[in-house]
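Okay, everyone, thanks for coming.

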Amino acid sequence: ANEIVSKRAEVLAHTVGRLGSPCGIVTNIDAQFFPGLVGEDGQPLLFDRVLADVPCSGDGTLRKFPTLWSKWTPQDALG
C-alpha cells in the first residue's frame with residue numbers, strides 16, 4: 001500500500017500489520033516518484049495485485065444536487 005499522507009500511512013501500516021500477512025508493504029511517497037523495489041537478493045519485487053482506493057468521484061454530491069451537472073466540466077474531474 002502507498003499513502004502520501006504520513007499520518008494515514010501510520011494507521012494503514014498498523015491495519016496491514018494486524019492482518020498478519022508477511023507480504024504487506026506500506027510506503028509513504030508521492031506515487032509519481034515511486035521507486036523500483038528490490039529484494040535482498042537484488043531481484044525486483046513485483047506485485048501480484050494492486051488495490052486502489054481512488055479519489056472520490058463526486059457522484060454522491062451530483063446525485064444530491066442535480067443542478068450542478070450544468071456547471072460541471074471534464075476539467076473538474078481532474079481536481
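Predicted model: local features only at pLDDT ≥ 70, side-chain atom pairs only at ≥ 80, totals over all residues.

Leu45 sits in the loop between H1 and H2. Is Leu45 buried, exposed or partly exposed? Its relative accessibility is 39%, so it counts as partly exposed. If you skip the neighbours within four places in sequence, Leu45 is in contact with Ile25, Leu37, Val38 and Gly39.

Okay, zooming out to the whole chain. H1 covers 6–19 and H2 covers 59–64, while H3 covers 74–77.

Now the overall dimensions. For 79 residues, a compact globule would have a radius of gyration near 12 Å, but this chain comes out at 18 Å. Along its principal axes, the C-alpha trace spans about 55 × 25 × 25 Å. The chain exposes about 7,300 Å², with carbon and sulfur atoms supplying 59% of that.

How about contacts along the chain? Take the ones between residues at least 6 apart in sequence: 35% of those join residues at least 24 apart. On charge, there are 7 positive and 9 negative side chains, and the centres of the two sets lie 14 Å apart.

So, which residues are buried? I'll show you two of them. One is Glu3, in the segment before H1. The Glu3 side chain reaches the backbone nitrogen of Val5 at 3.1 Å. Beyond its neighbours within four places in sequence, Glu3 is in contact with Arg8, Ala9, Leu12, Thr27, Asn28 and Ile29.

You'll have spotted Thr27 in that list, and Thr27 is my other one. Thr27 belongs to the loop between H1 and H2, and at 17% relative accessibility it counts as buried too. What does the Thr27 side chain pair up with? The side chain of Asn2, through a polar contact of 2.7 Å. Not counting residues up to four places away in sequence, Thr27 touches Ala1, Asn2, Glu3, Ala9 and Phe34. Ala9, by the way, is a contact of Thr27 and also of Glu3.

Let's go back out to the surface. Val50 is in the loop between H1 and H2 as well. Val50 has a relative accessible area of 70%, which means it counts as exposed. Val50 and Gln32 are 18 residues apart along the chain, and their C-alpha atoms are separated by 16 Å.

Last stop: Phe65, in the loop between H2 and H3. At 47% relative accessibility, Phe65 is classed as partly exposed. How far is Phe65 from Gly39 in space? They're 26 residues apart in sequence, and C-alpha to C-alpha it's 50 Å. Remember, Gly39 is one of the residues in contact with Leu45.

That's my tour, so over to you for questions.

Terms used:
Residues numbered from 1 in each chain as written. Heavy atoms only, no water. Helix = DSSP H or I, 4+ residues; strand = E, 2+ residues; numbered from the N terminus. Buried < 20%, exposed > 50% of the residue type's maximum accessible area, 1.4 Å probe, protein only. Rg over C-alpha atoms; globule rule 2.2 N^0.38 Å. Contact = heavy atoms within 4.5 Å. Areas by Shrake-Rupley, 256 points an atom, 1.4 Å probe, with all protein chains shown as cover. Lys, Arg positive; Asp, Glu negative; His and termini not counted. Charge placed at Lys NZ, Arg CZ, Asp CG, Glu CD. Polar contact = N/O pair within 3.5 Å; in protein donor to acceptor, adjacent residues only side chain to side chain.
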